[in-house]
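Here's a quick briefing to read with the model open beside you. Have a look at the fold first, then come back for the details.

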Amino acid sequence: MITVYTTGPACMQCRLTKQVMDAEGIAHTVIDLTEPGNVAAREYVTDDLGYSQAPVVVIDDHDHWSGFQPTRIRELAARIGSDR
């Protein structure tokens, strides 16, 4: 399961990341780190993964990145497409 951690609708990079993932047909879950109930998710992103910039895209424990990276999203889409 692919997860996109965002800082809400005001985050342009978060919106663009979600738009490109949708356009590429990549299924993903979105977690808004600004919501009070997502403290554990915030700690995971900042403490465990070490990121301080949103969005954070997590494919698995070893494949994740921060920021809007359309090239990585397209590479992911190609990889997922070849796995089907």
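Is valine 20 buried or exposed? At 13% relative accessibility, valine 20 counts as buried, where buried means under 20% relative accessible area, exposed over 50%, and partly exposed in between, using a 1.4 Å probe and protein chains only. Keep in mind that this is a predicted model, where local features need pLDDT of at least 70 and side-chain atom pairs count only at pLDDT 80 or more, while totals for chains, interfaces and linings use all residues. Residues are numbered from 1 along each chain as its sequence is written, and side-chain values use heavy atoms, with hydrogens and water left out.

**Around valine 20**
- Valine 20 sits in helix α1; helices (H or I, at least four residues) and strands (E, at least two) are DSSP runs, numbered from the N terminus.
- Not counting residues up to four places away in sequence, valine 20 touches Phe68, Ile73 and Arg74, a contact being heavy atoms within 4.5 Å.
- Valine 20 and phenylalanine 68 are 48 residues apart along the chain, and their C-alpha atoms are separated by 9.5 Å.

- Strands β1 (residues 3-6) and β2 (residues 29-32) run parallel and are joined by four bridges; two strands pair if DSSP finds at least two bridges between them.
- To get from β1 to β2 the chain goes through helix α1 (residues 12-23), and this β-α-β crossover is right-handed. Right-handed here means that, with the strands pointing away from the viewer, the path from the first strand over the helix to the second runs clockwise.
- Within that pairing, valine 4 has valine 30 in β2 as its bridge partner.
- Threonine 6 lies in strand β1 and is buried, with a relative accessible area of 2%.
- Among the residues that threonine 6 touches, leaving aside those up to four places away in sequence, are Cys14, Lys18, Asp32 and Ala54.

**The disulfide**
- There's one disulfide, defined as a pair of cysteine sulfur atoms within 2.5 Å.
- Cysteine 11 and cysteine 14 form it, with their sulfur atoms 2.3 Å apart.
- The link between cysteine 11 and cysteine 14 is right-handed, with 75 degrees about the S-S bond.
- Both ends are tucked away: cysteine 11 is buried at a relative accessible area of 12%, and cysteine 14 is buried at 0%.

**Nonpolar cores**
- A nonpolar core is a set of buried Ala, Val, Leu, Ile, Met, Phe, Trp, Tyr and Cys residues joined through side-chain atoms within 4.5 Å.
- The largest one has eleven residues, including Val4, Val20, Ile59, Trp65 and Ala77.
- Elements giving two or more residues to this core are α1, β3 (56-60) and α3 (70-83), and α3 supplies the largest share, three residues.
- A second, separate core of eight residues includes Tyr5, Leu49, Tyr51 and Val58.

**An aromatic pair and a cis bond**
- The structure holds one aromatic pair; rings of Phe, Tyr and Trp (its six-membered ring) pair if their centres lie within 6.5 Å, with planes under 30 degrees apart counting as stacked, over 60 as edge-to-face and the rest as tilted.
- The partners are tyrosine 5 and tyrosine 44, tilted, at 6.0 Å centre to centre and 55 degrees between the planes.
- Tyrosine 5 lies in strand β1 and tyrosine 44 in helix α2, so the pair ties together parts that are 39 residues apart in sequence.
- Alanine 54 and proline 55 are joined by a cis peptide bond, with omega about 0 degrees.
- Proline 55 is in the loop between α2 (39-48) and β3.
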